[in-house]
Amino acid sequence: MAVLIIVAMAVVGMAGAANYMYEKASVKGVGYKNVEMIISTQSGFNGQKLVEKESGSGNVILERTELEAERQLTAEGLQMPCMYPNSCAMDYINFTKEAEFEYMPVSYQTGTYDQKWVEKLCVQNYRIGAVLTEMYTHAEHLQKTTEVKTRGYGKKDRIEDQWVWDERSQLWVPTGCKLDCCTGVLEANLNSNVIGVAHIGWISRDPEPSASLKGRHAEYGRSVEDLTGVFAIQKFIQLWGNSTCGAISVDWLPCV
């Protein structure tokens with residue numbers, strides 16, 4: 001019996017491992033660095049997505065990265081079977097990075113590497129039609145701290161068998177699905193010092209197409225900032241969904 005229990009626990013662990021991703025890294029040194037990270041909680045034009053690209057030559061004074069992502073929803077936005085029975089299931093990505101780079105060419109027996117630093121980050125939330133882009137290019141010096149969270153909550157058609165008093169809304173709500181289940185959020189806190197080129201932007205689009213716009217998606221907001229030179233940048237960005245969760249997702253949601 002004990003052997004069977006251990007085997008069952010191992011099978012459950014393996015089944016859940018494919019839906020959960022975690023990475024924590026710390027790097028210091030001198031030379032050439034090239035990193036690419038791609039995360040997607042759903043296939044196609046659904047779920048939460050993160051793409052990061054970093055490359056350059058010189059001194060890596062500090063780099064600490066932590067990533068956590070999990071898929072708790074099906075492609076239709078419903079809670080996955082046998083998971084989180086009394087909570088609002090969600091797809092989510094948490095990303096934190098602290099880094100400082102200085103550019104200089106380096107040469108080894110294998111060749112010479114001479115590239116100013118490039119740091120690109122794009123986060124897409126297809127649940128609410130929100131995108132964030134943070135990008136630095138031609139950077140001779142870059143010091144940055146980036147914290148990004150993106151979430152997409154499940155739909156409201158799950159079992160609702162228990163009710164609790166919600167202080168925020170002053171209403172009785174089902175424990176199987178809180179008031180904010182069918183929504184999402186993309187939140188970012190950016191702090192950087194750069195000698196080079198910086199580009200920061202975000203857009204918010206309606207996940208459902210509009211008949212008045214001939215099938216296109218209404219754009220609610222956009223912010224694009226381009227800087228070239230020596231700059232200190234601080235930004236806090238928060239994009240929330242409105243609890244509608246339409247059946248049709250944004251089929252084109254480019255990085256800003």
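Read along its sequence, the chain follows the pattern α-β-β-β-β-β-β-β-β-β-β-β-β. In other words, the chain holds one helix and 12 strands. The structure is a predicted model, and the chain averages a pLDDT of 80. The points below treat confidence, overall organisation, the nonpolar core and the surface in turn.

**Confidence of the prediction**

- A pLDDT of at least 70 is reached by 68% of the residues.
- Residues 1-17 have a pLDDT below 50, and this stretch has zero contacts in the model beyond near neighbours in sequence.
- Residues 246-250 also have a pLDDT below 50. Beyond near neighbours in sequence, this second stretch has 17 contacts in the model.

**Overall organisation**

- The chain has 256 residues, of which 45% count as buried.
- Among contacts in the chain with a separation of 6 or more, 74% are between residues 24 or more positions apart.
- The accessible surface of the chain comes to about 13,800 Å². Carbon and sulfur atoms account for 57% of that surface.

**The largest nonpolar core**

- In soluble globular proteins, nonpolar side chains tend to be buried together.
- In this model, the largest nonpolar core has 30 residues. The members that touch the most other members are I39, L50, Y136, V194 and I233.
- Seven strands each supply at least two residues of this core: strand 2 (29-40), strand 3 (48-70), strand 4 (90-103), strand 7 (117-125), strand 8 (130-153), strand 11 (184-209) and strand 12 (217-240).
- Leaving aside residues up to four places away in sequence, Y136 touches W117, V118, E119, L142, K144, S192, V194, V197, A198, I200 and I233. Two of these partners, V194 and I233, are themselves among the core members that touch the most others.

- Y32, Y108 and Y113 together make a nonpolar surface patch of about 280 Å².
- Y108 counts as partly exposed because its relative accessible area is 41%, a value between the limits of 20% and 50%.
- F45 lies in the loop between strand 2 and strand 3. With a relative accessible area of 44%, F45 is likewise partly exposed.
- F45 and A75 are 30 residues apart along the chain, and their C-alpha atoms are separated by 9.8 Å.

Note on methods: Residues are numbered from 1 along each chain as its sequence is written. Side-chain values use heavy atoms; hydrogens and water are left out. A nonpolar core is a set of buried Ala, Val, Leu, Ile, Met, Phe, Trp, Tyr and Cys residues joined through side-chain atoms within 4.5 Å. Buried means under 20% relative accessible area, exposed over 50%, partly exposed in between (1.4 Å probe, protein chains only). Helices (H or I, at least four residues) and strands (E, at least two) are DSSP runs, numbered from the N terminus. Contact means heavy atoms within 4.5 Å. pLDDT is the predictor's confidence in each residue, from 0 to 100. Accessible areas come from the Shrake-Rupley method with a 1.4 Å probe; for residues, only the protein chains shown count as cover. Patches are made of residues with over 30% relative accessible area and no salt bridge: like charges are joined within 9 Å, nonpolar side chains (Val, Leu, Ile, Met, Phe, Trp, Tyr) within 5 Å. A salt bridge is a side-chain nitrogen of Lys or Arg within 4 Å of a carboxyl oxygen of Asp or Glu.
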